[in-house]
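Reader: I would like a close look at one part of this model, the packing and what surrounds it. Please give the cut-off behind each term as you use it.

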Amino acid sequence: MREVFHQSLEELQNGLVEIAELVATAMEKATTAFGTSDVTLAEEVIDADSVIDERALALDELAIEILARQQPVARDLRIVVMSLRVSASLERMGDIAEHIAQLTRMRFPERAIPKGLKATFTKMGELDVDVARTLAELLRTENLDLAERIRNADDDVDELHIAVFEKVLSDSWQGEASATVDATLASRYHERFADHAVSVAKKVVYLATGDWAGDD
């Protein structure tokens, strides 16, 4: 019976890694589509979001089944509860990638990135993709050095997010209202994506150490 229980726990953790990898792929495709106005790639991201949702739901159902049947305690209980909370964050990250893809589709055939901000959004996209890939590796290995890497990348995304707002609020900004909205939304999506990754990283640190570390 205990062997089946531990297999279920392993299935939970492996499921989180798989969802995180799907999220990383979604964000990579979404940022590429956003930067190149590739509506076909954007459609792939939008269509694939349902897969992330289904995986997250199935994982939550497994976690609830474990709670009901096994009544885990100590670290085992933390694993199950963490899985429920992390799957919610990963599902939201997948939604954010979809939102970026939807911006691309909405503006097609025009480019979604406002003039003068291409380099900024390219860098934000690269950072978020790296964050997502690092997060999948963190969930796989519990290497806590990766959690710090995610926090540092989030700081960089925050700085770029501020730079976007400063740009669109400056006197030199000549973008139309739609460009201002697109820039504001896209920047916010990137910023929230990284924030969710930090939240997941904190939960992994807590699972590994028992300490809720990393808050400012």
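Author: What follows starts with packing, goes on to charged pairs and ends with the backbone.

This is a predicted model, in which local features need pLDDT of at least 70 and side-chain atom pairs count only at pLDDT 80 or more, while totals for chains, interfaces and linings use all residues. Residues are numbered from 1 along each chain as its sequence is written, and side-chain values use heavy atoms, with hydrogens and water left out.

Helix H6 (residues 177-209) is the part to look at, and one of its partners is helix H5 (residues 145-169). Helices here are DSSP runs of H or I with at least four residues, strands are runs of E with at least two, and both are numbered from the N terminus. Two packed helices are described by the angle between their axes and the distance between the axes. For H5 and H6 the angle is about 160 degrees and the axes are 9 Å apart. The axes are lines fitted to C-alpha atoms, for helices over the stretch in contact, and the angles run from 0 to 180 degrees between N-to-C directions. H5 and H6 are therefore roughly antiparallel (over 145 degrees; under 35 is roughly parallel, 65 to 115 roughly perpendicular and the rest oblique). H5 passes H6 in a left-handed crossing, that is, the near helix is turned anticlockwise from the far one by less than a right angle, whereas clockwise would be right-handed. The residues of the contact of H5 with H6 comprise twelve nonpolar, five polar and seven charged. In this classification Ala, Val, Leu, Ile, Met, Phe, Trp, Tyr, Cys and Pro are nonpolar, Asp, Glu, Lys and Arg are charged, and the others, Gly among them, are polar.

H6 also packs with helix H3 (residues 74-107), at an angle of about 165 degrees and with axes 10 Å apart. H3 and H6 are therefore roughly antiparallel as well. Their crossing is left-handed, and the contact of H3 with H6 has 18 nonpolar, six polar and eight charged residues.

Within H6 itself, Glu191 and Arg188 sit three residues apart, about one turn of the helix. Their side chains meet in a salt bridge, with N to O at 2.5 Å. A salt bridge is a side-chain nitrogen of Lys or Arg within 4 Å of a carboxyl oxygen of Asp or Glu. Glu191 counts as buried at 10% relative accessibility, and Arg188 is partly exposed at 40%. Buried means under 20% relative accessible area, exposed over 50%, and partly exposed in between, with a 1.4 Å probe and protein chains only.

By the same rule, the count comes to twelve salt bridges. One of them joins Glu43 to Arg105, with the closest N and O atoms 3.3 Å apart. Glu43 lies in helix H2 (residues 39-70) and Arg105 in H3, so the pair ties together parts 62 residues apart in sequence. Both ends are partly exposed, Glu43 at 27% and Arg105 at 36%. Glu21 and Arg140 form another, with the closest N and O atoms 2.3 Å apart. Glu21 belongs to helix H1 (residues 2-36) and Arg140 to helix H4 (residues 118-141), so this bridge ties together parts 119 residues apart in sequence. Glu21 counts as partly exposed at 31%, as does Arg140 at 43%. Glu21, Glu137 and Arg140 are linked in a network of salt bridges.

Arg92, in H3, is 69 residues from Val23 along the chain, and their C-alpha atoms are 9.4 Å apart. Val131, in H4, is buried at 1%, and its C-alpha atom is 6.8 Å from that of Ala153, 22 residues away in sequence.

The loops are the last item. Most residues other than glycine have a negative phi, and most peptide bonds are trans. Ser37, in the loop between H1 and H2, has a positive phi near 60 degrees and is buried at 16%. Gln71, in the loop between H2 and H3, has a positive phi near 45 degrees and is exposed at 63%. The peptide bond from Phe108 to Pro109 is cis, with omega near 10 degrees, and Pro109 is found in the loop between H3 and H4.
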